[in-house]
Amino acid sequence: MFESIADFVADPQPRDTAASTAAARDDRALDAYSQVVTAAVEAVAPAVVMVRPKVKGRAGGVGSGVVVAPDGLILTNSHVAQKTAAHDIVTPEGRALTARLLGDDPDTDLALLRVDDPVSLPAARLGDSQALARGRLVVAIGNPLGFEATVTAGVVSALGRSLRGQGGRLIEDLIQTDAALNPGNSGGALVSSAGEVVGINTAVIAGAQGICFAVASNTAAFVLGELLSHGRVRRGWIGAAVQRAAIPRRHALAAGLDQDAGVLLTEVQVGGPAAAAGLMDGDVIVAAGARKVTGADDLIRALDWRSLESALPLALLRRGRLEHATVTPRERPS
């Protein structure tokens with residue numbers, strides 16, 4: 001109790017030390033969170049550009065792109081590029097450039113552009129998307145609805161998702177996030193707390209709240225290499241839809257595996273190579289050839305052009321037991 005007005009002025013209210021300490025701790029946590037987001041944005045935002053495809057000589061909408069090499073290589077979405085040869089590019093500082101389409105891969109919803117003029121642009125680094133885990137902080141940077149250099153933040157909600165794209169193709173190895181995306185974010189960067197691009201933003205589910213998707217950076221790096229080398233992505237196809245799946249520890253121990261994830265076959269297509277090899281829905285592929293398979297990007301790499309029409313040994317878990325099969329991939333249908 002206060003003895004006088006002077007006491008009240010000097011100490012206007014009783015202090016709850018525990019509450020004050022907790023509030024200060026919360027403030028520090030929020031400040032640390034802000035610093036991580038700001039650092040990630042500063043590392044990547046200068047490399048995120050606006051992309052406007054020229055459809056029949058006119059602007060055909062707006063999307064985003066990520067500069068991945070200083071000489072003007074830009075990764076974006078296939079549905080942003082629209083198979084259009086020419087594109088207008090606007091950098092974050094407002095510089096207007098033009099670019100041409102180098103390659104397009106609708107199967108991963110990725111496309112590669114190159115700026116026409118000699119340039120030296122800020123470039124982002126592609127990180128290792130397989131090092132992500134659910135709950136990790138991620139930041140989305142893009143140009144939603146034409147509002148340039150917009151930043152949103154969220155977490156990794158899930159990994160290894162599959163989703164049918166606009167043309168009905170099944171796009172695999174997607175990162176699900178609750179970082180807000182809107183039309184125009186497509187082709188932009190999903191950034192880790194380390195300031196590396198771990199995904200290329202690609203899709204939202206209309207009418208849903210906080211369900212957004214990005215193509216994993218490991219898949220993007222593979223596609224980038226193929227498009228640069230061949231102008232298209234040559235890959236094997238086994239005729240199955242897949243997604244990353246956790247392997248229960250008891251199954252891993254019983255099978256002698258030292259991995260905690262594999263690739264689950266969710267839909268084996270009748271008449272495809274996987275069906276011909278005796279694979280079934282529910283099988284979990286854990287190895288392809290000499291390559292350990294812990295995610296869809298591992299399987300994608302195993303199914304490169306060298307796998308075409310060649311016998312590919314698979315190790316898989318079926319009802320918790322380790323089994324083996326041999327599949328002969330064919331070139332993926334267009």
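Ser78 lies in helix H3, which covers residues 78-81; helices (H or I, at least four residues) and strands (E, at least two) are taken as DSSP runs and numbered from the N terminus. The model is predicted, so local features require a pLDDT of at least 70 and side-chain atom pairs a pLDDT of 80 or more, whereas totals for chains, interfaces and linings use all residues. Residues are numbered from 1 along each chain as its sequence is written, and side-chain values use heavy atoms, with hydrogens and water left out.

Ser78 has a relative accessible area of 9% and is therefore buried (under 20% relative accessible area, with exposed over 50% and partly exposed in between; 1.4 Å probe, protein chains only). Beyond its neighbours within four places in sequence, Ser78 is in contact with Lys83, Asp104, Asp105, Pro106, Asp109, Leu110 and Ala111, contact meaning heavy atoms within 4.5 Å. Asp105 stands 27 residues from Ser78 along the chain, yet their C-alpha atoms are separated by 6.4 Å.

Buried residues of H4 include Ser217, Phe222, Val223, Leu224 and Glu226. After H4 comes Gly231, with a positive phi near 80°.

Across the protein chain there are seven helices and 21 strands, and 48% of the 334 residues count as buried. Of the contacts between residues at least 6 apart in sequence, 59% join residues at least 24 apart.
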